[in-house]
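Please look through the model shown below with its charged side chains in mind.

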Amino acid sequence: MTKLVYAFDEGQKSMKDLLGGKGANLAEMKRLGLPVPDGFTITTQACIEYLEHGSKLSEEVVAQLQTQLDLFSQRTSKSFSSDEQLLLVSVRSGAKISMPGMMDTILNLGLNDDNVKKLARKTNDERFAYDCYRRLLQMFGEVVYNVPMTAFDAYFDKYKTDHGYDNDADIPAEGLKEICEHYKSLYVEKVYKPFPQEPTVQLTEAIEAVFKSWDNDRARVYRQLNDIPYEIGTAVNIQEMVFGNSGERSGTGVAFTRNPVTGEAKLFGEYLLNAQGEDVVAGIRTPKDIASLEEQMPHVHQQFVSVSQQLEQHYRDMQDIEFTIENEQLYILQTRNGKRTANAAVNIAVDLVNEQVITKQEALTKVEVKSIEQLLHPNFDDEALTKATVISTVGLPASPGAASGKVVFSAEEAKEQHEQGEKVILMRPETSPEDIEGMVASEAIVTTHGGMTSHAAVVARGMGKCCVTGCADLEINTTEKVVTYPGGTLAEGDIISVDGAKGDIYVGKIATITAEHSEAFEQYMTWAQDIARLSVRMNAETVPDIIAGYQFGATGIGLVRTEHMFFAPERLIEMRRFILAHTQEQRITALNTIGGYQTEDFEQILRQSGEKPTIIRLLDPPLHEFLPRSESEKAQVAEQLGVTVTTLDKHIESLNEVNPMLGHRGCRLAITYPELYVMQAEAIMKSVIRLKEEGIDTNPEIMIPLVSTVEEFTTLKTLITERIEALAQETGQDLHYLIGTMIETPRACLIAAELATVSDFFSFGTNDLTQLTFGFSRDDSGKFINAYSNQGILEQDPFQTIDKSGVGELIKLASVQAKQVNPNIKIGVCGELGGDEKSIHYFNDLEIDYVSCSPYRVPGAILATAQSEVESGRLSVK
Ligand code: PEP
Ligand code: MG
């Protein structure tokens, strides 16, 4: 018999696969002797079985549940039917990987019309008992029967207004009774059946609902965003209730052992007195800073501080802890590794190494590769900020970033506008898990309610999205679609700017500047570089990009796309002269002028690189890309070239290709127009000579694109070498250079052994290689690739993440064979996959020396190479 239900006493932290993160950690905390309310966990395996086999809990689960419930009753001496020792429980989901607020929770389960009276009698607090009951009715209705939350909320808010109550806590017991009666009638009205009075029925229905919530829309979106597999399922935790809403000596809160925004090593958290957990997370009431608990309940604060230190030491990472205080008694309801901004992640990892809690290698696994890019994002220009009109400065800096966009008031609107290419800022009183897709679509999120641990704040931080919460000076009216702020109003579509690092909001779009790096970041990246086997180069051709790439730690340039240098108007016209020339002489004249420009360009690039290896790829795209398209452009070009528009049109027509991607491009251009590559090679070497004269040594690596036969490569290599050698003779200079090939066609992979005998280096162009291996057009695959991944035909877009069994096998075969015949050959990857985390893990296990990607992806790529090396087990522990 498979065990499907575990008491907390039977688990431990290593059992996350089976018990989920929450269940495993509750069990672990119990083992540590911490004050955790007792309970048990139904496994993720039971969830998957439930989802696979239909809509009822299996007999097996029901039987084990009953056994555990009996044992639980014995341990706690409580039961759902006892007058004096009434058992009430919470039911919460908990997957292996935490998905904050994404799935469902039900509190106070076990209450019914009878039990609520017992609770009132026992606690001598009727108000409290009915407050619990109304919460259960609301959560149960929403989670189990899909009654919209608004149906409950609207009545609740109206009740408060009609009776002149400002706060929830002002409603007396009689009022709450009335509200409970109305809530019960909503069940009959909306789902045609009454609220189940029998606690065990409540329990099974709640468990089933949590299992089902694994498949709800918001959980699906969250899984997709975070690459969480469906198959892991969620566990369900049943735990004895403790009541943070049983008066002013009770409360509930969330705290992080370190600041999740900055990483500062100081307890960071919030709590609310006389409240239940959902009140803090939902952000409806603005909570108090954890520090003030010291004044209100010094011994509870003291105990919490020591528990949080113990948990951080035990888990060797910053913890996110949920707690409840019942009549000054502290209970811990959850601990998990806390979500944090990229900045905090780096600072915490470095601090934990310095505090000797973790090793450098462990530290390198603590920052997510995809979050590193957050650190490189720009900030608002201080100068521009001083002139900007302020909307609010009282908000909390919940998640950093500098974002501008149009105001929208609903998640749906955010999604719609985003799909039309608009940048939007979602403004809401608070967010709830239903808003997840709208949050993804927005540049930033602003809320009026809620604190640093509200739903909006936690989820935005997890996504690396700019967010400001608790802007109490704004009134956001989502019905009228208007925001009132101290100096005016905003309507839908108005542009605002949000500073998530400071918590400020401004009118209009504000200029940004690039971010500066902290010492901790530099330190962290050095550790990564120290252990990485693969080096990381950049794909770049402009001076600012090259400077940025080197600042980010690139070891050289893996790809200069020379075609990007032909688009300035004075160059374009010369290129057009070359393409439209009738004689070789005309062509050479045009090329000479272009050669002059190219020499200047290469000089600038090589000056930045110095001795770092710099791959310059000779011209790659089809020539028609350089020709005019619109009628007005054609007229202008015809005039510049001194030909008629008809002649120009005819020429353009003659260059037209049915499949340009498979046509006259790459090295084929130079097979037909050899002078093109000769000019480029000469320009490269002339710039090398100029720099040499200034005392600057360089290492150019000349790369020939789209090769598929050895003869193509050797023909062009001979041509280029002859010209360079002639230049060396003319100038008396000893010139160092390499000539290598891109590997972009399946045929090139198959003849890699032969190519490796004549080529100094290989660089896999995975964009073209993927296109040609699948036969998917890289420009058109967007039209069908989503359907492929939605239907599970392809696990991921092969243009973004390596297709291991096809393209990956070709790369493996080619690199192994190349190194066999030429162990010194340098092999790199310069297509999009060179910057992709999963692909980098794959390349790290092959005979590959470096990856190359755009400058802003360089730090992420360096971290991915380091993480891959840590995971490889090749390193000795340091
Ligand atoms: C490639 O094909 O992967 C490559 C880097 O070249 P481009 O994208 O310029 O065709
Ligand atoms: Mg290519």
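With which residue does glutamate 492 form a salt bridge? This is a predicted model, in which local features need pLDDT of at least 70 and side-chain atom pairs count only at pLDDT 80 or more, while totals for chains, interfaces and linings use all residues. Residues are numbered from 1 along each chain as its sequence is written, chains are lettered from A and ligands numbered from 1 in the order in which they are written, and side-chain values use heavy atoms, with hydrogens and water left out.

The partner of glutamate 492 is lysine 481, with 3.7 Å between the closest N and O atoms, a salt bridge being a side-chain nitrogen of Lys or Arg within 4 Å of a carboxyl oxygen of Asp or Glu. Glutamate 492 is partly exposed at 31% relative accessibility, and lysine 481 is likewise partly exposed, at 35%; here buried means under 20% relative accessible area, exposed over 50%, and partly exposed in between (1.4 Å probe, protein chains only).

A second salt bridge joins the side chains of arginine 340 and aspartate 317, at 2.9 Å from N to O, and both of these residues are buried.

In a further pair, glutamate 869 forms a salt bridge with arginine 874, where the closest N and O atoms are 2.9 Å apart. Glutamate 869 is buried, with a relative accessible area of 5%, whereas arginine 874 is partly exposed at 45% relative accessibility. Elsewhere, salt bridges with shared partners connect Glu563, Arg617, Asp620, Arg665, Asp768 and Arg778 in one network. The structure holds 58 salt bridges.
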